[in-house]
Amino acid sequence: MMMSFIAAIAMAHLGPNAATAPKIEVVMEKGGTFVIETVPDKSPKTVEGILAFVKDKFYDEQRVHRVEDWVTQWGAPASKDKDLDSMEVLGGGSGKNLVFEASDVSFLRGTVGIASKGAKTGGDCQLFIVKRDSAFLDGSYAVLGRVIEGIDVVDKITRGDRIKSMQIKKEEE
C-alpha cells in the first residue's frame, strides 16, 4: 500500500513516464540501499550521461563528501582515496561536461540533481539529493530523478561513507 502511494507521488511529481523510467540502485558499504528513479522525459541528456557513468561503475567505491542538514553529495572519483576537503574532491569530476537541462521538476525532498559550478550551468558527474524541499534550486540545476525507495538510508549517510555500488536496477517481471 505504501509503495503505491509513493509511486503515485513520484509519478505526479516526475511525469507520466516515471513508472517505466530507468532506476538506479545505490548500495552503501556500511549497509542500506536506496533507489533513484530517473526522468529521461524531463532531462534526457542528463539521464543518459549519468546512466553511462553507472554502467561503467564510475561511482563504485566513491565516498560521500558533502552532508548537510538539507543535502547529501557525491561523485568525485578522487574521493576514493583523497582527502575529502581537497579541491580534487570538492570540484573534481570526470572531465565530461553535461549540458544544462532546465526542467519543471521541483526540488522536493528526495530529488536528485547534478552539481555544477553555478546556477544554469551544465555539471559533470557529481550528484546531490535534497533532504528537504529546496525550491530555491528549481530551474537552476539539472534533475536526474527522485529517490523512490530508501530515503531513510539517505538520511543516515554521514560524510565519508562509501558507496559500494551503483547499478541500473533490473525490472522485476
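The model is predicted, and its mean pLDDT over the chain is 90, with 88% of residues reaching 70 or more. Residues 1–12 have a pLDDT below 50. In the model this stretch has 10 contacts beyond near neighbours in sequence. Where pLDDT is low, the predicted coordinates should not be read in detail.

In soluble globular proteins, nonpolar side chains tend to be buried together. Here the largest nonpolar core comprises 28 residues, and Phe34, Ile50 and Tyr59 touch the most other members. Contributions of at least two residues each come from β1, β2, α2, β5, β6, β7, α4 and β8. Helix α2 gives the most to this core, namely 5 residues. Leaving aside residues up to four places away in sequence, tyrosine 59 touches Ile50, Phe53, Val54, Trp74, Gly75, Cys125, Leu127, Ile163 and Met166.

Attention now passes to the charged side chains. How many salt bridges does a search of the whole structure find? The search finds 8, and three of them are described here in turn. In one, lysine 30 pairs with aspartate 161, the closest N and O atoms being 2.9 Å apart. This pair links distant parts of the chain, 131 residues apart: lysine 30 belongs to the loop between β1 (23–28) and β2 (33–38), and aspartate 161 to the loop between α4 and β8 (163–168). The two partners can also be described by their accessibility. Lysine 30 counts as exposed because its relative accessibility is 56%, whereas aspartate 161 is buried, with a relative accessible area of 11%.

Another salt bridge joins the side chains of aspartate 104 and lysine 42, with an N to O distance of 2.8 Å. These residues are 62 positions apart and again link distant parts of the chain, aspartate 104 lying in the loop between α3 (87–90) and β5, and lysine 42 in the loop between β2 and α2. Aspartate 104 is exposed, at a relative accessible area of 59%, while lysine 42 is partly exposed, at 22%.

The remaining salt bridge to be described brings together arginine 109 and aspartate 155, whose side chains meet at 2.7 Å, N to O. Arginine 109 is located in the loop between α3 and β5 and aspartate 155 in helix α4, so that distant parts of the chain, 46 residues apart, are linked by the pair. Both partners are partly exposed: the relative accessible area is 29% for arginine 109 and 36% for aspartate 155.

Strand β7 (residues 143–149) contains arginine 146. Which side chain of opposite charge is nearest to this buried arginine? That side chain belongs to aspartate 133, 6.1 Å away. A salt bridge requires a separation within 4 Å, and arginine 146 has none. Its side chain instead reaches backbone oxygen atoms, that of leucine 108 at 3.4 Å and that of arginine 109 at 2.4 Å.

Arginine 109 is touched as well by isoleucine 151, which also touches Gly110, residues up to four places away in sequence not being counted. Isoleucine 151 lies in helix α4 (residues 151–156) and is partly exposed, with a relative accessible area of 25%.

Lysine 57 has a positive phi of about 60° although it is not a glycine, and its place is in the loop between α2 (44–55) and β3 (66–67). Lysine 57 is exposed, with a relative accessible area of 53%. Lysine 120 likewise has a positive phi of about 60° without being a glycine. Lysine 120 lies in the loop between β5 (111–114) and β6 (127–130) and counts as exposed, at 59% relative accessibility.

Note on methods
Residues are numbered from 1 along each chain as its sequence is written. This is a predicted model: local features need pLDDT of at least 70, side-chain atom pairs count only at pLDDT 80 or more; totals for chains, interfaces and linings use all residues. Side-chain values use heavy atoms; hydrogens and water are left out. Helices (H or I, at least four residues) and strands (E, at least two) are DSSP runs, numbered from the N terminus. Buried means under 20% relative accessible area, exposed over 50%, partly exposed in between (1.4 Å probe, protein chains only). Lys and Arg count as positive and Asp and Glu as negative; His and the chain ends are not counted. A polar contact is a pair of N or O atoms within 3.5 Å; within protein, one must be able to donate a hydrogen and the other to accept it, and residues adjacent in sequence count only if both atoms are side-chain atoms. Contact means heavy atoms within 4.5 Å. pLDDT is the predictor's confidence in each residue, from 0 to 100. A nonpolar core is a set of buried Ala, Val, Leu, Ile, Met, Phe, Trp, Tyr and Cys residues joined through side-chain atoms within 4.5 Å.
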